[in-house]
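Have a look at the model first.

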Amino acid sequence: MELDVFVKSLFKKAKEAGFSEYEVYYVDKESLSISVYKGEVEKYNLNNSYGLSFRAKLGDKIGYSYTEILDEAAIEMLVNRAKENVLAIESEDVQFIYEGDKEYKDISTYSDALENLPADKLIKIALDMENEAKNYCDKVESFSGCAVSYSSGKYGIINSKGLNLHNKSNILTAYVVPVIKEGNNMIDGFGYVVAKSLDEVDAKKIAKMGVDEALSKIGATSVKSGNYKVIINNEAMVSLLSTFAGIFSADAVQKGLSLLKGKEGEVIAANNVNLVDDPHLVDGLASVAFDDEGVATNKTYLIKEGTLESLLHNLKTANKAGVKSTGNGFKNSYASPISVSPTNFYIEPGSKNIEELINLVGNGLMITDFAGLHSGANSITGDFSLAAKGFYIENGIKVHPVEQITVAGNFFNLLKDIKEIGSDLKFPMSSVGSPSIVIRELSVAGEGSN
């Protein structure tokens, strides 16, 4: 059944069932992933998925249901299950079907240059990345991964209040993880690109990125335990920021799962820190004109010059707080309820390049990688104790790579201890971004630790 016919019939049935307001959210996705190993295609996965969710209001409560098939039986099922869901709800939270905003920003999230990509060209890119890595360095022993992926999708919202929004997006990614052998040690590196056309995918450049990162780790040693001035480089800071992003959700705050409760208007970071959620970022992986509730998106400063300006809201949390939604009501999938999620979430860059930051530190450490974030970081208290790798800095120069260390601290304290912010803002295959930052001091456990 065609979508418009299905929706019209569904809304008619919903009205007959006593629902006052109703809405559908639909997603149509396709993806192609090709991985190679030792000159041969290892996996070739082509997936197509379609799903539609239904929300309907009875009183102040909204019931949910969903389907992957559009037919008469699905209409009956969606209405019945939504009603069952409403009757089972015990929460007193007020839910909303949104009437829409007057204006929505025109955002480019789809590249025509990526349409109808030939599979053989994608396979060639993957094979070329392997070959270029081997040609670039004879230390390359094997690969932990080498793949090219393309995904595209369209989604939309239609409701009984006249809202009818839709969007489509697509993206191409390629990465290689070469493993080099140095003595008895096997060391890997990561090279990647996120592209809007095949012209942006340079297999030689990606391979060089991965191999150079692996080579930079040769000869790594630990350091003595102590407190160190630290640069957290952009990619490592992204992993840390991603782990603690949830503390800025109004839903987490209202549920007592964030220490930021009651802190709006207070200084929570150094005065050079600006943390933003920007759904209109050009080429951002999470750029979007509207959220999954139909609210028009806008750039939101969470931290401005060190002060907590705002939290991220959907319609439900905004109503509770007596404020306007920030347009951050999103679903994890078409079958999920609305939650609060960031879009392009990043720390705004400063003016100093990485060499200037290293010189500023003088003597200390540069952290390039954190491990154990799922088990070693507490998103509620902000405490973290993480295995890390990086470089030792002496007299403003990177001296040697470092491994087998554990870095401990607290995310809330770290925000206040940011001394300098670099100019090298990066989004490493992620919608979370950060420049490199200098921290006044962090505790490091290495040699001589128990």
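In this predicted model, helices α3 and α4 touch through a set of residues from each side: I125, D128, M129, E132, A133 and Y136 in α3 meet A203, K204, I206, A207, K208, V211 and D212 in α4. How do the two axes of α3 and α4 cross? They come within 8 Å, at roughly 50°, so α3 and α4 are oblique to each other. The crossing of this pair, α3 and α4, is right-handed.

Now for α3 itself. Helix α3 covers residues 119-136, which makes 18 residues, and spans 26 Å from first C-alpha to last, close to the 26 Å expected at 1.5 Å a residue. Its buried residues are L122, I125, A126, M129, E130 and A133. They sit on the same side of α3 because they cover an arc of only 130° around the axis.

What covers the buried side? The cover over the buried residues of α3 includes these elements:

| Element | Residues |
|---|---|
| β1 | 21-37 |
| β4 | 140-159 |
| β5 | 164-182 |
| α4 | 203-216 |

Over to another helix. A82 belongs to α2, which runs over residues 72-88. Is A82 buried or exposed? A82 is buried, with a relative accessible area of 0%. Leaving out residues up to four places away in sequence, A82 touches F19, F54, G63, Y64 and S65.

Note on methods
Residues are numbered from 1 along each chain as its sequence is written. This is a predicted model: local features need pLDDT of at least 70, side-chain atom pairs count only at pLDDT 80 or more; totals for chains, interfaces and linings use all residues. Side-chain values use heavy atoms; hydrogens and water are left out. Helices (H or I, at least four residues) and strands (E, at least two) are DSSP runs, numbered from the N terminus. The expected span of a helix is 1.5 Å times one less than its number of residues. Buried means under 20% relative accessible area, exposed over 50%, partly exposed in between (1.4 Å probe, protein chains only). The arc is that of the directions from the helix axis to the C-beta atoms. Contact means heavy atoms within 4.5 Å. Axes are lines fitted to C-alpha atoms, for helices over the stretch in contact, and angles run from 0 to 180 degrees between N-to-C directions. Angles under 35 degrees count as roughly parallel, over 145 as roughly antiparallel, 65 to 115 as roughly perpendicular and the rest as oblique. A crossing is left-handed if the near helix is turned anticlockwise from the far one by less than a right angle, and right-handed if clockwise.
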